Amino acid sequence: MRIDEHIAALRDDPVSQRLAQQQMDRAKSDWLSQPDMMALADQLERYANRESLAQLHQLREIMTSHNAASTLVANWQAHFVQAVRDNPLGHVPLKHNYSAGFATMRLFEVGPVTLSLVTYEQVEQSVEPQVAAFSQREQYEIVIAGRAQGMLCRRGHEDTDNSRVDVTRKDLCRGSTIALPGEQHSRQITDVRGCLLLLQLSRATNEPKPVQEIRISDGSLVHQSSGTKRESQIAMAMAVLTELGRADAAPHCATLTQDGPAYLRWDALRHTLALDPVRGFALLRPMAADEDDKLALPARALRDQLSAAHPQLLQMEADQCRN
């Protein structure tokens with residue numbers, strides 16, 4: 001393993017590490033203490049408290065005017081670029097992530113509201129998206145720099161027969177804006193030329209529904225995932241415990257089948273069946289019998305399927321009830 005000499009030197013000098021991080025923290029403090037940034041933080045707080053974007057003049061201008069948006073970004077750069085140059089191994093004290101061709105830097109986070117810089121890089125082969133992800137949030141974006149193609153997707157309401165996804169193409173360039181006012185709207189970024197930099201404002205609901213991935217060609221549900229951090233943690237914990245064969249986790253999984261989002265209850269049922277088949281099979285009877293339960297039909301179908309494939313489960317369930 002090769003360890004860069006600068007990293008090695010920093011590892012042996014904790015004082016320099018602390019001083020570097022102090023400078024990065026100072027850059028953040030200086031940036032946020034500016035009157036314009038304090039005013040913006042106040043508007044984001046109001047937006048988090050469910051005020052509409054139309055009521056918030058400064059925030060609305062930033063998300064609709066390229067001059068205002070680029071001024072905000074330039075101001076942020078002025079405070080952090082020099083700090084990073086002076087301390088290249090320092091850590092910018094803002095949430096950020098990077099994966100191949102995509103990066104985000106979260107400038108502000110106020111409850112369910114985030115204001116972020118989002119970057120898309122050009123990839124060698126652009127693949128036409130086959131699915132669109134819909135989440136219970138509203139999102140506004142403005143292009144700071146770069147060019148790309150945008151796919152704006154709109155789906156019918158879940159409680160109607162119109163499940164199709166309508167797609168509109170949009171050329172994106174400096175100053176272009178995208179407005180996604182609710183969960184029926186989403187977008188895809190394709191054909192990036194060089195690098196695309198967006199300023200993104202997003203506001204989720206307090207208890208968002210699962211994120212749904214819908215096949216664009218026919219409107220069918222391909223996949224769904226948790227809309228909240230807590231539900232994601234629960235789903236991940238159940239998956240890990242099941243993979244480890246932790247049968248002692250079955251009672252806890254069984255408890256999670258009783259209340260909560262339907263998709264998470266069904267996930268808990270699957271894990272209970274995997275860890276303790278008899279306990280999981282027994283859960284299917286009351287679930288299938290409750291006509292008001294969204295899971296009644298799939299529970300009934302699964303119980304019939306398991307009864308036919310493993311008739312011993314019926315006897316084991318009866319023995320368990322007698323005990």
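**Surface, helices and salt bridges**

Trainee: Which class does Leu89 belong to at 46% relative accessibility: buried, partly exposed or exposed?
Mentor: This is a predicted model, where local features need pLDDT of at least 70, side-chain atom pairs count only at pLDDT 80 or more, and totals for chains, interfaces and linings use all residues. Residues are numbered from 1 along each chain as its sequence is written, and side-chain values use heavy atoms, without hydrogens and water. Buried means under 20% relative accessible area and exposed over 50%, with partly exposed in between (1.4 Å probe, protein chains only). At 46%, Leu89 therefore counts as partly exposed.

Trainee: Where is Leu89 found?
Mentor: Helices (H or I, at least four residues) and strands (E, at least two) are DSSP runs, numbered from the N terminus. Leu89 lies in the loop between helix 5 (66–86) and strand 1 (96–99).

Trainee: How are helix 4 and helix 5 oriented to each other?
Mentor: Axes are lines fitted to C-alpha atoms over the stretch in contact, and angles run from 0 to 180 degrees between N-to-C directions. Helix 4 (residues 57–64) and helix 5 pack at about 95 degrees, with axes 5 Å apart. Angles under 35 degrees count as roughly parallel, over 145 as roughly antiparallel, 65 to 115 as roughly perpendicular and the rest as oblique. The two helices are therefore roughly perpendicular.

Trainee: Which residue forms a salt bridge with Arg187?
Mentor: A salt bridge is a side-chain nitrogen of Lys or Arg within 4 Å of a carboxyl oxygen of Asp or Glu. Arg187 is in strand 8 (residues 185–204), and its partner, 46 residues apart, is in strand 5 (residues 137–155). The N to O distance is 2.6 Å, and the partner is Glu141.
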